[in-house]
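Here are my notes on the model. Please read them with the structure open.

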Amino acid sequence: MSTPSKEATPETGSAEAGRTRDERWQISRRGWTVLLSFLIVITVGLVGAFVPVPFVALGPGPTYDTLGAVDKTQIVQVDGAETFPTTGQLRMTTVSLKREVTLFSAFGLWVSGRYALAPREEYIKPGQTEEDVQQQNVKMFQDSQSDAETAAMRHLKKPMKVVVAEVTSGAPADKIIEPGDRLLTVNGRAIGQQDDVVTAIENTRPGQAIQIALQRGGQDKSVSVTLGKAPDDRVQGFMGIKGIDRPDVPFKTTIHLQDVGGPSAGLIFSLAIVDRLTRDDLAGGQPIAGTGEIDVKGNVGPIGGIGFKLVAAAEDGAKTFLVPAANCAEAKADPPAGLQLIKVETLDGAVKALEDRKAGRPVPSC
């Protein structure tokens, strides 16, 4: 009897070959799956690490002692007038704004607890460039300095003058009146403060010619302006100028501070000017911080990011913080431990509160 052959039959060989092809395909498929997964992970990592998301990150920013110096230059400098020694600190506070954040960095900042995320369009409008935003912030900061000086001089009972801040392009006053002109009289009314300009044309009509006495480059000048129709359809005539109060004093106040934007340092700038020009020594040897927009009449307005500013002030050693009245509810929700919150509505009120604090008298609080 013959022994059966151990060689594979054609049918057996075909099955084994098929299994080999299936195994090769499975290995190949697993390899492609691993490779594809790897590529996805790499892509997500690159996107998360380098592609910006439509958010900005807000957090505590640097603080500056306005009674001190930066890079050996006095922040608030007064030339041509007697100044007095000061002690302590009057710290202006800022908010750090990170305009470019990626998915990973945004998550990391948020997890840290020191930063909050906000839609980018709230801070950079569609069509605006970074340069546009920077120029706008610088302009607001410069205007804040001028308004702070005016408010301080008004508090100190210094004389005021009214200068032209803006002339509307194409308005009746365009090409006749220029920014920087000092207004002396308008339509026969003496101009002592910016509200007088509005009052002077209250009873006028479009088409009426009025006389304006002004000072330009130290020279007195008289011009005539034929009033037009107001854009808001008011009945009275329209000139198209904006007058603003400025101090009429024989000395110069300069604020030296770079790379800071926005209007919220106005209150602290005003207090620093008052402190330098009086014997009061408002800080009284203590580290005091604060914030608040200020207008030429000394009214203190609300600002954004109060929580971040409180944290920055406390970390830089402040024990007292001046809070605009409209920000009090937010400020007292979660203030840093040991930081006294003083509520302020005007520059006059802020000066009195600091004097009362130094004397141990009660102060208005949030």
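1. The largest nonpolar core has 42 residues. A nonpolar core here is a set of buried Ala, Val, Leu, Ile, Met, Phe, Trp, Tyr and Cys residues joined through side-chain atoms within 4.5 Å. Buried means under 20% relative accessible area, with a 1.4 Å probe and protein chains only; exposed is over 50%, and partly exposed is in between. Leu90, Met92, Leu257, Leu267, Phe269, Leu271 and Leu322 have the most contacts inside this core. Strand E4 (76-79), strand E5 (89-98), helix H3 (130-155), H5, strand E20 (340-344) and H8 each give two or more residues to it. H5 gives the most, with eight. Helices (H or I, at least four residues) and strands (E, at least two) are DSSP runs, numbered from the N terminus.

2. A word on the source. This is a predicted model: local features need pLDDT of at least 70, side-chain atom pairs count only at pLDDT 80 or more, and totals for chains, interfaces and linings use all residues. Residues are numbered from 1 along each chain as its sequence is written, and side-chain values use heavy atoms, without hydrogens and water.

3. Take Leu322 next. Beyond its neighbours within four places in sequence, Leu322 is in contact (heavy atoms within 4.5 Å) with Leu267, Ile268, Leu271, Ile288, Ala289, Gly290, Thr291, Ile342, Val344 and Leu354. Another core lies apart from the 42-residue one. This other core has 19 residues, among them Ala200, Val225, Met239 and Ile241.

4. How do H5 and H8 pack? Helix H5 (residues 266-277) and helix H8 (residues 347-359) make an angle of about 60°, and their axes are 10 Å apart. The two helices are therefore oblique to each other. Leu267, Ser270, Leu271 and Val274 of H5 meet Leu347, Ala350, Val351 and Leu354 of H8. By class, this contact has seven nonpolar residues, one polar and no charged.

5. Is Thr253 buried or exposed? Thr253 is buried, at a relative accessible area of 12%. It lies in strand E15 (residues 252-255). Leaving out neighbours within four places in sequence, Thr253 is in contact with Val76, Gln77, Val78, Glu149, Met153 and Ile273.

6. Ile191 sits in the loop between strand E9 (189-190) and helix H4 (194-200). Ile191 counts as buried, at 9% relative accessibility. Neighbours within four places in sequence aside, its contacts are Val162, Leu183, Leu184, Thr185, Val186, Asp196 and Val197. Val163 is 28 residues from Ile191 along the chain, and their C-alpha atoms are separated by 9.8 Å.

How values were computed
Axes fitted to C-alpha atoms, helices over the stretch in contact; angles between N-to-C directions. Parallel < 35°, antiparallel > 145°, perpendicular 65-115°, else oblique. Nonpolar A, V, L, I, M, F, W, Y, C, P; charged D, E, K, R; others polar.
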